[in-house]
Amino acid sequence: MRTTLDAVTANYLKAKTLSRGTRNEYHSTLRKWGQRGRGAPIQTLHRKHAREFLDWGSERAVADQGTYPGRTANKAREHLRAVLSWAWEQDLIDSPPRFP
């Protein structure tokens, strides 16, 4: 079964009790993932996909003159790791990809 990151994140957010601000941060990461053009099923994600996305997000934050671009990459990494680990616990993927 092919599952997108959008669908898994929606299910993850339904299953977890998170503050509105935290939910908004997850949605922000998901929007950035979509802007990067990553519509591939989570079953096909690898470390290099995560690395490319995190590098892109960090470069974009620097280009936009963000106050702390490192935080952008760290939050995105944290969100992806949490969602993919949850997907693994729910048997949606065989194993989560290694994260950079």
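Helices α2 and α3 pack at an angle of about 100°, with their axes 11 Å apart. Here axes are lines fitted to C-alpha atoms, for helices over the stretch in contact, and angles run from 0 to 180 degrees between N-to-C directions. The two helices α2 and α3 are therefore roughly perpendicular to each other; angles of 65 to 115 degrees count as roughly perpendicular, under 35 as roughly parallel, over 145 as roughly antiparallel, and the rest as oblique.

This is a predicted model, in which local features need pLDDT of at least 70 and side-chain atom pairs count only at pLDDT 80 or more, while totals for chains, interfaces and linings use all residues. Residues are numbered from 1 along each chain as its sequence is written, and side-chain values use heavy atoms, with hydrogens and water left out.

**Overall form**

The secondary structure comes to 4 helices and 0 strands, and from the N terminus on the elements run α-α-α-α. Helices (H or I, at least four residues) and strands (E, at least two) are DSSP runs, numbered from the N terminus. The C-alpha trace spans about 40 × 30 × 20 Å along its principal axes. With 100 residues, a compact globule would have a radius of gyration near 13 Å, and the protein agrees with this at 13 Å. The radius is taken over C-alpha atoms, and the globule rule is 2.2 Å times the number of residues to the power 0.38.

Of the 100 residues, 32% count as buried; buried means under 20% relative accessible area, exposed over 50%, and partly exposed in between (1.4 Å probe, protein chains only). Among contacts with a separation of 6 or more, 58% join residues 24 or more positions apart, where contact means heavy atoms within 4.5 Å.

**Helix pairs**

Two packed helices are described by the angle between their axes and the distance between the axes.

| Pair | Angle | Axis distance |
|---|---|---|
| α2 and α3 | about 100° | 11 Å |
| α1 and α2 | roughly 175° | within 11 Å |

The helices α1 and α2 are therefore roughly antiparallel to each other. Residues in their contact include Leu-5 and Tyr-12 of α1, together with Tyr-26 and Trp-33 of α2. The residues of this contact of α1 with α2 divide into 6 nonpolar, 2 polar and 3 charged. In this grouping Ala, Val, Leu, Ile, Met, Phe, Trp, Tyr, Cys and Pro count as nonpolar, Asp, Glu, Lys and Arg as charged, and the others, Gly among them, as polar.

Between α2 and α3, Thr-29, Lys-32, Trp-33 and Gln-35 in α2 meet Phe-53, Trp-56 and Arg-60 in α3. That contact of α2 with α3 divides into 3 nonpolar, 2 polar and 2 charged residues.

**The core**

The largest nonpolar core has 21 residues, and those with the most contacts inside it are Leu-5, Ile-42, Phe-53 and Leu-84. Such a core is a set of buried Ala, Val, Leu, Ile, Met, Phe, Trp, Tyr and Cys residues joined through side-chain atoms within 4.5 Å. The elements that give it two or more residues are α1 (5-15), α2 (20-35), α3 (47-63) and α4 (69-89). Helix α4 gives the most, with 6 residues. Not counting residues up to four places away in sequence, Phe-53 touches Thr-29, Lys-32, Trp-33, Arg-36, Ala-76 and Leu-80.

**Two individual residues**

Glu-25 lies in helix α2 and is partly exposed, with a relative accessible area of 27%. Glu-25 and Lys-75 are 50 residues apart in sequence and 8.2 Å apart in space, C-alpha to C-alpha.

Asp-91 is found in the segment after α4. Although Asp-91 is not a glycine, it has a positive phi of about 60°. At 69% relative accessibility, Asp-91 counts as exposed.
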